[in-house]
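User: I would like to go through this structure with you. Could we begin with the terms and then turn to the details?

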Amino acid sequence: KVLLVKEAIGGTWWALPGGGIDHGEAIESALTREVEEELGVPAKEVSSDFQIVHYNIGNVVNGVPRMNLYFKASVPEMLLKQTAHIAEWKWFTEEEFSKQDMHPSYDKAVLATVIFGD
């Protein structure tokens, strides 16, 4: 399964947990910071090899051009908690994932292969 979130503000679609990289911020720092902000999991509890598993130039969403970098990360499920950034989070199987209204900068079919392939 994959964990998807709906943002607290304007959360009309499902998205992978994440967000922007601040100017001058290292990718590793951004990944752990975003997990902490969105899922309430302390940065030290985020496990990742920080290797980009997929990337794409996304669509322009709300006037902001998107470039998406995707990483695999693990967090202890018992540490997930509601945060001010996220209205809802939920685990999805591959079949459930394919039926969701996803963030418009995502190519859902490609992401399904990246997430559930192998």
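Analyst: A salt bridge is a side-chain nitrogen of Lys or Arg within 4 Å of a carboxyl oxygen of Asp or Glu. The model is predicted, so local features need pLDDT of at least 70 and side-chain atom pairs count only at pLDDT 80 or more, while totals for chains, interfaces and linings use all residues. Residues are numbered from 1 along each chain as its sequence is written, and side-chain values use heavy atoms, with hydrogens and water left out.

User: How many salt bridges does the structure hold?

Analyst: There are 5 salt bridges. In one of them the side chains of Glu37 and Arg33 meet at 3.3 Å, N to O. Glu37 and Arg33 are about one helical turn apart because they lie 4 residues from each other in helix H1. Helices (H or I, at least four residues) and strands (E, at least two) are DSSP runs, numbered from the N terminus.

User: Are Glu25 and Arg33 buried or exposed?

Analyst: Both Glu25 and Arg33 are buried. Buried means under 20% relative accessible area, exposed over 50%, and partly exposed in between, with a 1.4 Å probe and protein chains only. Asp22, with a relative accessible area of 44%, is partly exposed, and Glu37 is partly exposed at 27%.

User: Changing topic, which residues make up the largest nonpolar core?

Analyst: It has 12 residues: Val2, Leu4, Trp14, Ala15, Leu16, Tyr70, Phe92, Phe97, Met102, Tyr106, Leu111 and Ala112. Strand E1 (2-7) and helix H3 (108-116) each supply at least two residues of this core. A nonpolar core is a set of buried Ala, Val, Leu, Ile, Met, Phe, Trp, Tyr and Cys residues joined through side-chain atoms within 4.5 Å. Apart from this core lies another of 9 residues, including Val5, Leu31, Val35 and Leu80.

User: What does Trp14 touch?

Analyst: Leaving aside residues up to four places away in sequence, the contacts of Trp14 include Leu4, Phe92, Met102 and Tyr106. Contact means heavy atoms within 4.5 Å.

User: And Val114, where does that lie?

Analyst: Val114 lies in helix H3. With residues up to four places away in sequence left out, Val114 touches Val53, His54 and Lys72. Val114 and Tyr70 are 44 residues apart in sequence, and their C-alpha atoms are 9.3 Å apart in space.

User: Which elements supply at least two residues of the lining of the largest pocket?

Analyst: They are E1, helix H1 (27-39), strand E2 (52-61), strand E3 (64-71) and H3. The largest share, 7 residues, comes from H1. Of the 44 lining residues, the closest to the centre of the pocket are Leu16, Pro17, Gly18, Gly19 and Tyr106. A pocket, on a 1 Å grid over the protein atoms alone, is an open set of points where a 1.4 Å probe fits, with protein on both sides within 12 Å along at least five of seven lines; lining residues have an atom within 4 Å of a point.

User: One last item: where is Phe50 found?

Analyst: Phe50 is in the loop between H1 and E2. Although Phe50 is not a glycine, it has a positive phi of about 60°.
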